[in-house]
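The stops below are given in the order in which they may be selected.

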Amino acid sequence: MLLDHGPAVAIGGFLRDLLLAGNRAFKSDVDFVVDPRSMPAFERAVERLGAKVNKFGGYGIALDRWKVDVWPLERTWAAVNGHVPVATLHDLVDVTFFDWDAVLYSVDEQRLIAKSCYFDRVRRRVIDINLEPNPNPLGNAVRALRYAYKWEAAIGTRLAQHVARQIRDNGWGRMMASERGSFTNPMLADLDGAAIARMLQRCVETGSGPVSLPLAPVQQALPLGDTASVNPPRPARPRPRPAMPRKRPVASASALLAV
């Protein structure tokens with residue numbers, strides 16, 4: 001087992017989703033970071049498991065229920081690119097793009113590791129940036145909108161600036177294409193991209209935030225022919241929102257550990 005090769009932590013979305021909605025709602029990947037005692041031994045173990053190198057320097061392992069991604073500490077993206085000092089596993093609370101992902105569970109210590117304000121930020125349902133440099137700025141802009149939609153969250157000022165910049169530089173069409181390439185339940189096509197862009201730009205110009213975006217599906221207008229008044233077409237039903245877990249109070253640290 002890879003986790004036998006050194007201290008390890010689970011990080012990010014796995015813990016965030018457990019915190020917000022419990023075990024049944026979790027459908028994402030599970031991310032681990034290991035601080036190997038021996039890199040050669042760790043790499044041999046990875047090979048024996050048939051792991052595949054992912055695009056950010058870690059290893060992907062397909063299990064029965066989940067897909068697991070594992071990184072050796074020294075090869076995490078933030079450590080390799082020198083954006084923040086990463087000397088120990090505890091330093092990983094500073095490397096995530098989203099502040100809601102800045103939480104660790106130490107496998108060895110069997111405890112959560114997070115900054116003191118973490119649970120309050122999640123409880124207030126405002127998501128923002130933790131570390132801005134990242135290898136996938138367009139993809140994280142898409143995720144920001146999906147997280148805001150999924151968890152009924154407002155977007156903080158720094159994150160609003162990031163998403164506004166990605167929409168301006170890439171256009172809503174590329175945002176939708178990026179989402180289709182990464183998710184099986186795309187939802188951006190049902191949203192009013194122009195209205196979202198205007199609200200984000202207003203936030204950027206005024207420095208105000210957080211901002212709650214109009215993330216309800218929009219029914220497209222139907223072209224009506226000459227016979228519309230005689231045989232009016234039945235209005236098309238907008239595509240349903242992707243199934244999302246029911247909103248519930250944020251769990252405490254002790255409750256999360258008990259899941």
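The tour goes from a helix pair to a loop residue and then to the cysteines.

This is a predicted model, in which local features need pLDDT of at least 70, side-chain atom pairs count only at pLDDT 80 or more, and totals for chains, interfaces and linings use all residues. Residues are numbered from 1 along each chain as its sequence is written, and side-chain values use heavy atoms, with hydrogens and water left out.

**The helix pair.** Select residues 137-151, helix α5, and residues 157-182, helix α6; they pack at an angle of about 95 degrees, with their axes 8 Å apart. Because angles of 65 to 115 degrees count as roughly perpendicular, α5 is roughly perpendicular to α6.

**The loop residue.** Move to D190, in the loop between α6 and α7 (193-206). D190 is buried, at a relative accessible area of 11%, where buried means under 20%, exposed over 50% and partly exposed in between (1.4 Å probe, protein chains only).

**The cysteines.** Select C203, which is buried with a relative accessible area of 2%. C117, in turn, is partly exposed at 35%. With a disulfide taken as a pair of cysteine sulfur atoms within 2.5 Å, the count comes to zero.

Key. Axes fitted to C-alpha atoms, helices over the stretch in contact; angles between N-to-C directions. Helix = DSSP H or I, 4+ residues; strand = E, 2+ residues; numbered from the N terminus. Parallel < 35°, antiparallel > 145°, perpendicular 65-115°, else oblique.
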